Amino acid sequence: MATRTRKKTLGVWIAATCAGVLAVGLAACAPTMNDNPAREDGPALDVRLPAPNENGIVTADQWEAVYPNEYATYQQNGENTGGKEVSEDYPEIKVLWEGASYAEAYHEPNGHTYALKDVSETPRDPQLASCLTCKSSEFIRMQSADPTLNKAPFDDILAQVSEPISCADCHVDSPRDNGAVATRQFFIDNVGDAAAGLPAGAMSCGQCHNEYFFPGENKAADNPWKSLAEATPDAILANHNELGYVDHVNPRTGAEMIKVQHPEFETNYGGEMSPMAQRGYSCSDCHMAPSVDENGNEYKSHLWVSPLENDDLIANDCANCHADIKAEVAAIQEKTVEREHAVAARIEGLIDATEAAIADGSLAGESLDAVRDLHRTAQFYWDFVMTENSEGAHNSELTEETLDKAEAAVDEAMALIG
């Protein structure tokens, strides 16, 4: 089966995530590029802090003269457009996500520069301003000053922000002084002291490319884990269950479901970590590889692309350990996509069987509760893999183990139905 196109092929949406490091199980060499954009060589730069805008941030346009290469490559993300509905390649989501708005609309996102445009135009119709948490650092500044804004009407706050994901999200307002950092406090708090052992590029990208939810009265974003040891599929599911957290209810089975977001950070840095993360690679080492301009100045590209589109990176880094990394990744992704479809079909079968057993009265009481719980479990594990944007390439071993657990839960539920 060919790799599905919902992530705009490997070279666009998977690439644009800026969230991962390829992990195909082979040894890798340690990265050499520093996450701090301050140059040791080359011409001196005027790094006087530009005046912040009315929401307290320095916009990308204001840094153009200071960091022309970074700015030019950042703007190239605007070429990442034209995605389609995921259900065109993955019709199963109409059944599995029934009861959630994602079943009605799940569109491939455009590049990061379109973050505000995409969230404003989604048919899922966001209601609360907390949906802007990872769409604009302007909202982060506003929300930090007034946490009640999480529950403000989405459209009211959207009208007050204009800067999408840009420099301030990863550098605050002084790239030379700060290097790459995380600015979402909930994520920083949950990573905790372990952040000192992670590359800066892992934290800055991971702050939005993670599994998050909006619990509590304030509807503030949070992670369903409180340490890297808990940032695993098993621990996340256990934490959701302990909280009794529910994203939506499946109308056919009555199962209380969890909708996973995009757990790139957890897949790479949670638990035992992916092989590449274990070797010290950050997201930016692979998705923002070093470049050299026409004057010979080295800089870090801010065009978020797949490392498989970067022949220089493959030749100078990946090829040290991988004979044919493109073929290796393609094989992993083909296997993952095939299993995703197969497991989704089995969950569809479980939904059909549960609905029929409820209707004929053969499934009720504690047995029905157990089947609903197993439905929730199976779909959570499947969703964890399906919504992670590397199709298994970031951590193929974890991917396989997680899909195994999804199938095991389906088997157990079907045995109860009889």
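In the predicted model, Glu-355 has a relative accessibility of 34% and therefore counts as partly exposed. The side chain of Glu-355 meets that of Arg-252 in a salt bridge, with a distance of 2.9 Å from N to O. Because Glu-355 belongs to helix H16 (residues 325-360), whereas Arg-252 sits in the loop between strand E1 (248-249) and strand E2 (256-257), the pair ties together parts of the chain that are 103 residues apart in sequence. Arg-252, at 22% relative accessibility, is likewise assigned to the partly exposed class.

The protein chain as a whole contains 18 helices and four strands. Of its 418 residues, 55% count as buried, and the accessible surface comes to about 17,400 Å², 50% of which belongs to carbon and sulfur atoms. When contacts between residues at least 6 apart in sequence are considered, 73% of them join residues at least 24 apart.

The count of salt bridges in the model comes to 17. One of them is formed by Asp-173 and Arg-141, whose closest N and O atoms are 3.2 Å apart. This pair links distant parts of the chain, since Asp-173 is located in the loop between helix H7 (167-171) and helix H8 (175-178), while Arg-141 is part of helix H5, the two residues being 32 residues apart. The two partners fall into separate accessibility classes: Asp-173, at 11% relative accessibility, lies under the 20% limit and so counts as buried, whereas Arg-141, at 29%, counts as partly exposed.

A further salt bridge joins the side chains of Asp-169 and Arg-184, with 2.7 Å from N to O. Here too the pair links distant parts of the chain, with Asp-169 in helix H7 and Arg-184 in the loop between H8 and helix H9 (185-191), 15 residues apart. Asp-169 is buried, its relative accessible area being 3%, and Arg-184 is also buried, with a value of 1%.

Salt bridges also connect residues into a network, which consists of Lys-335, Arg-339, Arg-346, Glu-400, Asp-404, Glu-407 and Asp-411.

Helix H16 also packs against helix H17. The axes of H16 and H17 come within 10 Å and cross at roughly 160 degrees; as this angle is over 145 degrees, the two helices are therefore roughly antiparallel to each other. The crossing in which H16 passes H17 is left-handed. From the side of H16, the residues that take part in the contact are Thr-336, Glu-340, Val-343, Ala-344, Ile-347, Leu-350, Ile-351, Thr-354 and Ile-358, and these meet Leu-368, Val-371, Arg-372, His-375, Ala-378, Gln-379, Trp-382, Val-385 and Met-386 in H17.

Tyr-381 is likewise part of helix H17, which spans residues 365-386, and at 9% relative accessibility Tyr-381 counts as buried. Residues up to four places away in sequence being left aside, Tyr-381 touches Pro-233, Asp-234, Leu-237, Thr-402, Lys-405 and Ala-406. The C-alpha atom of Tyr-381 is separated by 8.6 Å from that of Asp-404, a residue 23 residues apart from Tyr-381 along the chain; Asp-404 is also one of the members of the salt-bridge network described above.

Glu-391 lies in the loop between H17 and helix H18 (396-417). The phi angle of Glu-391 is near 55 degrees, a positive value in a residue other than glycine, and Glu-391 is buried, with a relative accessible area of 1%. A phi value near 55 degrees, again positive in a residue other than glycine, is found for Asp-125, which is placed in the loop between helix H4 (115-121) and helix H5 (137-145). In contrast to the buried Glu-391, Asp-125 is partly exposed, with a relative accessible area of 48%.

A further loop residue, Ser-87, is situated between helix H2 (68-75) and helix H3 (93-96). Ser-87 has a relative accessible area of 16% and is thus buried. Apart from residues up to four places away in sequence, Ser-87 touches Ile-93 and Lys-94.

Technical notes:
Residues are numbered from 1 along each chain as its sequence is written. This is a predicted model: local features need pLDDT of at least 70, side-chain atom pairs count only at pLDDT 80 or more; totals for chains, interfaces and linings use all residues. Side-chain values use heavy atoms; hydrogens and water are left out. Buried means under 20% relative accessible area, exposed over 50%, partly exposed in between (1.4 Å probe, protein chains only). Contact means heavy atoms within 4.5 Å. Accessible areas come from the Shrake-Rupley method with a 1.4 Å probe; for residues, only the protein chains shown count as cover. A salt bridge is a side-chain nitrogen of Lys or Arg within 4 Å of a carboxyl oxygen of Asp or Glu. Axes are lines fitted to C-alpha atoms, for helices over the stretch in contact, and angles run from 0 to 180 degrees between N-to-C directions. Angles under 35 degrees count as roughly parallel, over 145 as roughly antiparallel, 65 to 115 as roughly perpendicular and the rest as oblique. A crossing is left-handed if the near helix is turned anticlockwise from the far one by less than a right angle, and right-handed if clockwise.
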